[in-house]
Amino acid sequence: MSQQTCLIIGASHAGAQLALSLHQGGWSGRIVLIGDEAAEPYQKPPLSKDFLSGAKTLEHIPIRPASVFEHAGIELMPGRHVESIDRGSKTVILDDGNTLAYDKLALTVGALPVTIPLTGSDKHGVSYLRNLADVAQIRPHIVKGKSAVIVGGGYIGLEAGAVLRRCGMNVAVLEALPRVLQRVTAPVVSRFYQRLHHEEGLNIVTSTRVTSIEGDKRVERVFCADGAEFDASLVIIAVGVRPNTGLAARAGLGVDDGIRVDEYACTSDPDIVAAGDCTRHFNPIYQRQVRLESVQNATDQARTAAATLNGKPEPYHALPWFWSDQYDVKLQIAGLSEGYDNTVLRGNPEAGRSFAVFYFKGERLLAVDAINRPGEFMVGKKLLMHGHSVDKSKLADDTVPAKQLLGS
């Protein structure tokens, strides 16, 4: 193994973790981490939060200090794009035409923003929000008293909207579906976030479809199909992401709404693993194929991939969890609520900013959304990881301490 080379394509959370775990697990050959951004590996979640506002700089958000990679002997190749993979010769071709040989290859290429064909979307002041370049494009337009429009009422759109509102901008979030966060939460959670943003002075408009972005050389107004129009000196389009599967597909690897991997993070090629937002895998807790967009999945699946490459395979069986920060509200999510048919509320979602929603299918707990409720989040995680049942009447009784629910 001392003479082997592992190339890792993609230098965000999954790629950085895979490189470090590979070294820690005993790999003694070369480890080369290739990233298409000029910066060294950095945390992505702050892009729609403190980094967007300017409260944090790039120096505040490294995934690991550069010295950690250096001491591990990991070779960083920032600002390089891999054009193709030649599985026959076990080489990758870079954007400058040079090739790199590998013995083992890891794909941690993440996800790409979903783009929408809007008239005027190429105007100055219109941006997506996925990387450092996007934030650099947005920041000059964050001006107190000016107006901004966010297209999309998912987590990224709402987080960005909260940041702009706190920066003193007039903000409208335009969502095509009947409620914000519709694909991922129960109606009661959507109503809470509608109320939260209203209290903070942000305007949420649902069931509306943006048709064009108008202005001379820069954005000035946003028009909707129902005739509504909104002033805007800044527009952020945040309508979701799609798995970055192009490189894998061109190489002939199995792809189906993500790069298909088994429980050991192996692709259809035994010398290639994949991890993170770009993958689709079987989740043993929910007994179905899933594709997850989270730092937790990226780092945990990367550890599984590294173990596989080191000849110490361990099946991936982590519980998915997520979070979102908006104003003074931290939402923590454990599990996957898809397929739920009943919920149990703990606390009052109609007043204040603290409650939890537990999602069930029949009597089986699927997930928990905990809004400023870290205790309920931790209890939910433990119940889900161990497959324990819970007394719903005690769960709904907010006077019962959260820790006591583990024994109910």
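A: The lining of the largest cavity is made up of Ala 11, Leu 33, Gly 35, Glu 37, Ala 39, Glu 40, Pro 41, Leu 76, Met 77 and Pro 78. The model is predicted, with pLDDT of at least 70 needed for local features and 80 or more for side-chain atom pairs, while totals for chains, interfaces and linings use all residues. Numbering runs from 1 along each chain as its sequence is written, and side-chain values use heavy atoms, without hydrogens and water.

A cavity here is a set of points, on a 1 Å grid over the protein atoms alone, where a 1.4 Å probe fits but cannot get out; lining residues have an atom within 4 Å of a point.

Turning to the rings, the whole structure has five aromatic pairs. Phe 192 and Tyr 193 form an edge-to-face pair, with centres 5.1 Å apart and 80 degrees between the planes. Phe 192 also pairs edge-to-face with Phe 355, at 5.2 Å centre to centre and 70 degrees between the planes. This second pair links distant parts of the chain, 163 residues apart: Phe 192 belongs to helix H6 and Phe 355 to strand E25 (residues 355–361). Helices (H or I, at least four residues) and strands (E, at least two) are DSSP runs, numbered from the N terminus. Rings of Phe, Tyr and Trp (its six-membered ring) pair if their centres lie within 6.5 Å, and planes over 60 degrees apart count as edge-to-face.

Phe 192, Tyr 193 and Phe 355 make up one aromatic cluster. Phe 192 is buried at 1% relative accessible area, Tyr 193 is buried at 0%, and Phe 355 is buried too. Buried means under 20% relative accessible area, with a 1.4 Å probe and protein chains only.

Elsewhere, charges sit over rings: the charged end of Arg 139 is 4.3 Å from the ring centre of Phe 51, and that of Lys 392 is 4.6 Å from the ring centre of Phe 360. The criterion is NZ of Lys or CZ of Arg within 6 Å of the ring centre and within 35 degrees of the ring normal.

How values were computed:
On a 1 Å grid over the protein atoms alone, a cavity is a set of points where a 1.4 Å probe fits but cannot get out, and a pocket is an open set with protein on both sides within 12 Å along at least five of seven lines; lining residues have an atom within 4 Å of a point. Rings of Phe, Tyr and Trp (its six-membered ring) pair if their centres lie within 6.5 Å; planes under 30 degrees apart count as stacked, over 60 as edge-to-face and the rest as tilted. Buried means under 20% relative accessible area, exposed over 50%, partly exposed in between (1.4 Å probe, protein chains only).
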